[in-house]
Amino acid sequence: MGLVYGYNIYLRPQNVAMALANLAKLAPPARAVPPLEVTLPGGGQLVLPFTFCFKREPVRCSPDSTLELDTSLMFDVDEALREYAQTSGLQPEADGRIRIGYIYATIRFASLLHPGYASVECWAATSGMSRLFERSANIRKVFTDLTADSGGVCCLFDTGDGAPEQVCWLNGEPIRESVFGPRFPDRQALVTAWSDPSTPPLS
């Protein structure tokens with residue numbers, strides 16, 4: 001099992017449609033994928049340039065389901081992305097951005113940290129991409145910008161191996177803090193910083 005690093009965005013369920021629309025804007029404009037029709041809980045519909053578990057049939061989501069998308073996204077070049085492109089044989093697009101390999105997006109309409117919030121979890125497909133996620137400032141910025149533009153309250157960088165997550169964005173501000181650090185001694189302390197008291201977090 002290789003490295004599995006990702007960025008997890010937490011937001012209100014009513015903002016998931018906005019987050020997915022913003023995620024779709026990051027897809028390569030010339031990617032040859034038939035559109036995927038997605039019906040969200042509550043009946044809202046989206047057409048996305050992605051696949052669902054590598055399939056293209058329409059998907060209908062329920063509040064307790066997860067939506068598993070296979071995406072390919074574009075990022076502005078920085079030094080880490082330039083090095084990755086050179087070693088992977090990738091070429092920048094006409095607009096100067098680089099498309100990297102599959103990024104798996106898991107959408108939970110009731111997140112594991114707090115049932116009143118949804119999550120959009122974007123995971124690198126390979127160990128090499130995971131290391132790139134960790135090194136690239138531009139990749140980090142794409143996901144914190146996605147959090148901000150989608151009305152999210154929190155963005156975490158997660159190494160997926162049980163190590164402390166890094167808090168990248170919280171309540172409208174980019175930050176660099178660790179869960180299990182002085183400010184957030186546990187996940188409960190982090191959730192308390194953005195939770196609605198009327199909706200208790202999971203224990």
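This note comments on a predicted model, point by point, from its nonpolar cores to its surface.

1. Basis of the values. Residues are numbered from 1 along each chain as its sequence is written, and side-chain values use heavy atoms, with hydrogens and water left out. As the model is predicted, local features need pLDDT of at least 70 and side-chain atom pairs count only at pLDDT 80 or more, while totals for chains, interfaces and linings use all residues.

2. The largest nonpolar core. A nonpolar core is a set of buried Ala, Val, Leu, Ile, Met, Phe, Trp, Tyr and Cys residues joined through side-chain atoms within 4.5 Å. Buried means under 20% relative accessible area, exposed over 50%, and partly exposed in between (1.4 Å probe, protein chains only). The largest core has 48 residues, of which Ile 100 and Phe 143 touch the most other members. Helix H1 (residues 16-25) supplies the largest share of this core, 5 residues. Helices (H or I, at least four residues) and strands (E, at least two) are DSSP runs, numbered from the N terminus. Apart from this core lies another, of 14 residues, among them Leu 113, Leu 170, Leu 190 and Val 191.

3. Phe 143 and Phe 133. Contact means heavy atoms within 4.5 Å. Leaving aside neighbours within four places in sequence, Phe 143 is in contact with residues including Leu 73, Phe 75, Phe 133 and Cys 155. Phe 133 belongs to helix H3 (residues 127-135) and counts as buried because its relative accessibility is 0%. With residues up to four places away in sequence not counted, Phe 133 touches Ile 100, Trp 123 and Phe 157, among others.

4. Thr 71. This residue is in strand S6 (residues 66-71). Its relative accessibility is 0%, so Thr 71 counts as buried. The side chain of Thr 71 reaches the backbone oxygen of Ile 103 at 2.8 Å.

5. Salt bridges between separate elements. A salt bridge is a side-chain nitrogen of Lys or Arg within 4 Å of a carboxyl oxygen of Asp or Glu, and the count comes to 5. In one of them, the closest N and O atoms of Glu 121 and Arg 108 are 2.9 Å apart. This pair links distant parts of the chain, with Glu 121 in strand S10 (residues 118-124) and Arg 108 in strand S9 (residues 103-108), 13 residues apart. Glu 121 is buried, at 6% relative accessible area, whereas Arg 108 is partly exposed, at 22%. Another salt bridge joins Arg 187 and Glu 165, with the closest N and O atoms 3.1 Å apart. Arg 187 lies in helix H5 (residues 187-194) and Glu 165 in the loop between strand S11 (154-158) and strand S12 (166-170), so the pair ties together parts that are 22 residues apart in sequence.

6. Lys 141 and Asp 145 meet through their side chains at 2.6 Å, N to O. Both residues lie in helix H4 (residues 137-149), 4 residues apart, about one turn of the helix. Lys 141 is partly exposed at 46% relative accessibility, and Asp 145 is partly exposed at 29%.

7. A nonpolar surface patch. Patches are made of residues with over 30% relative accessible area and no salt bridge, like charges being joined within 9 Å and nonpolar side chains (Val, Leu, Ile, Met, Phe, Trp, Tyr) within 5 Å. Phe 54, Tyr 102 and Tyr 104 form such a nonpolar patch on the surface, together with about 280 Å² of accessible area (Shrake-Rupley method with a 1.4 Å probe; for residues, only the protein chains shown count as cover). Phe 54 is in the loop between strand S4 (51-52) and strand S5 (59-60), and its 45% relative accessibility makes it partly exposed.

Note on methods:
Polar contact = N/O pair within 3.5 Å; in protein donor to acceptor, adjacent residues only side chain to side chain.
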